[in-house]
Amino acid sequence: MNILKKLYNWVLSWAESKWSVPALFTLAFMESSFFPIPPDVLMIAMALSKPEKSLWYATVSTIGSVLGALFGYVIGFWFWAAVGDYFFLYIPGFTHELFDQVTKLYQDNSSFIVFTSAFTPIPYKVFTITAGVSHVALLPFVIASILGRGGRFYLVGLLFKFFGPKVKVFIDKYLNLLTILLVVIYVLAFYLIPKLVGAK
């Protein structure tokens, strides 16, 4: 936990740097495959300082995160046998149990699983690497990653764009809950409701 706190503070230290945008891109890229601190931390700090650039920060985060997801996919597809032990030993939240659960989930609906993990606080890196290990179809994986990651980052960006720094308190308290709620609404709208209507 002490290491994670130091990493968290180190990430925040980039917010006022002239290299903050490249740092945000790099963080978003790394977090999708192996880094434990999410890019939201740095993006929110940057948007807090310059809310008028919040949508640009969301774009940078989305591009970096999707490219990082592809890197995670490559790790799983080509190198898992060689590097798998590293992730289980050193990446927080990357456990054998979660890895096995995600592998089973991909057998049913890979696109929805990728979208959900990209949009919500679920550890995205576990899903990107497992997608490669499971040989999930690449195009749906990329599309779901763009929609999920973009949806999450642009939600934050729009909140700062229209409401300014005062929205930070709301984001700190309710962002994770809000993203989970939106996924539930998505499931109801596109999966359960059509089935219920068809059953009548």
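1. Basis of the note. The model is predicted, so that local features need pLDDT of at least 70 and side-chain atom pairs count only at pLDDT 80 or more, whereas totals for chains, interfaces and linings use all residues. Residues are numbered from 1 along each chain as its sequence is written, and side-chain values use heavy atoms, with hydrogens and water left out.

2. Packing of α2 with α4. Helix α2 (residues 20-31) packs with helix α4 (residues 54-90) at an angle of about 35°, and their axes are 6 Å apart. Helices (H or I, at least four residues) are DSSP runs numbered from the N terminus; axes are lines fitted to C-alpha atoms over the stretch in contact, with angles running from 0 to 180 degrees between N-to-C directions. The crossing of α2 and α4 is right-handed, a term for a near helix turned clockwise from the far one by less than a right angle.

3. Residues of that interface. On the α2 side, Val21, Leu24, Phe25, Ala28 and Phe29 take part, and among the α4 residues that they meet are Trp56, Tyr57, Val60, Gly64, Gly68 and Phe71; contact means heavy atoms within 4.5 Å. By class, the contact of α2 with α4 has 11 nonpolar, 4 polar and no charged residues, where Ala, Val, Leu, Ile, Met, Phe, Trp, Tyr, Cys and Pro count as nonpolar, Asp, Glu, Lys and Arg as charged, and the others, Gly among them, as polar.

4. The structure holds 3 salt bridges, each defined by a side-chain nitrogen of Lys or Arg within 4 Å of a carboxyl oxygen of Asp or Glu. Glu31 pairs with Lys125, their closest N and O atoms being 4.0 Å apart; because Glu31 lies in helix α2 and Lys125 in helix α7 (residues 124-133), the pair ties together parts that are 94 residues apart in sequence. Arg149 also forms a salt bridge with Glu31, with the closest N and O atoms 3.0 Å apart, and this pair links Arg149 in helix α8 to Glu31 in helix α2 across 118 residues. Both Glu31 and Lys125 are buried, that is, under 20% relative accessible area with a 1.4 Å probe and protein chains only, and Arg149, at 3% relative accessibility, counts as buried too.

5. The remaining charged pair. The side chains of Asp40 and Arg152 meet in a salt bridge at 2.9 Å, N to O. Asp40 lies in helix α3 (residues 40-49) and Arg152 in helix α8, so the pair ties together parts that are 112 residues apart in sequence. Asp40 and Arg152 are both buried.

6. Phe153. This residue lies in helix α8 (residues 138-163) and, at 0% relative accessibility, counts as buried. Not counting residues up to four places away in sequence, Phe153 touches Pro39, Asp40, Met43, Ala58, Ser61, Thr62 and Ser65.

7. Aromatic pairs. The structure holds 7 aromatic pairs, with rings of Phe, Tyr and Trp (its six-membered ring) pairing if their centres lie within 6.5 Å. The ring centres of Trp80 and Phe88 are 5.5 Å apart and the planes stand at 80°, so the pair is edge-to-face, the class for planes over 60 degrees apart. Ring pairs also link Tyr73, Phe77, Trp78 and Phe141 into a cluster.

8. Helix α6. Because 9 of the 10 residues of helix α6 (residues 110-119) are buried, the helix is largely enclosed by the rest of the structure; the buried residues include Phe112, Phe115 and Phe119.

Terms used:
Buried < 20%, exposed > 50% of the residue type's maximum accessible area, 1.4 Å probe, protein only. Helix = DSSP H or I, 4+ residues; strand = E, 2+ residues; numbered from the N terminus. Phe/Tyr/Trp six-rings, centres within 6.5 Å; stacked < 30°, edge-to-face > 60°.
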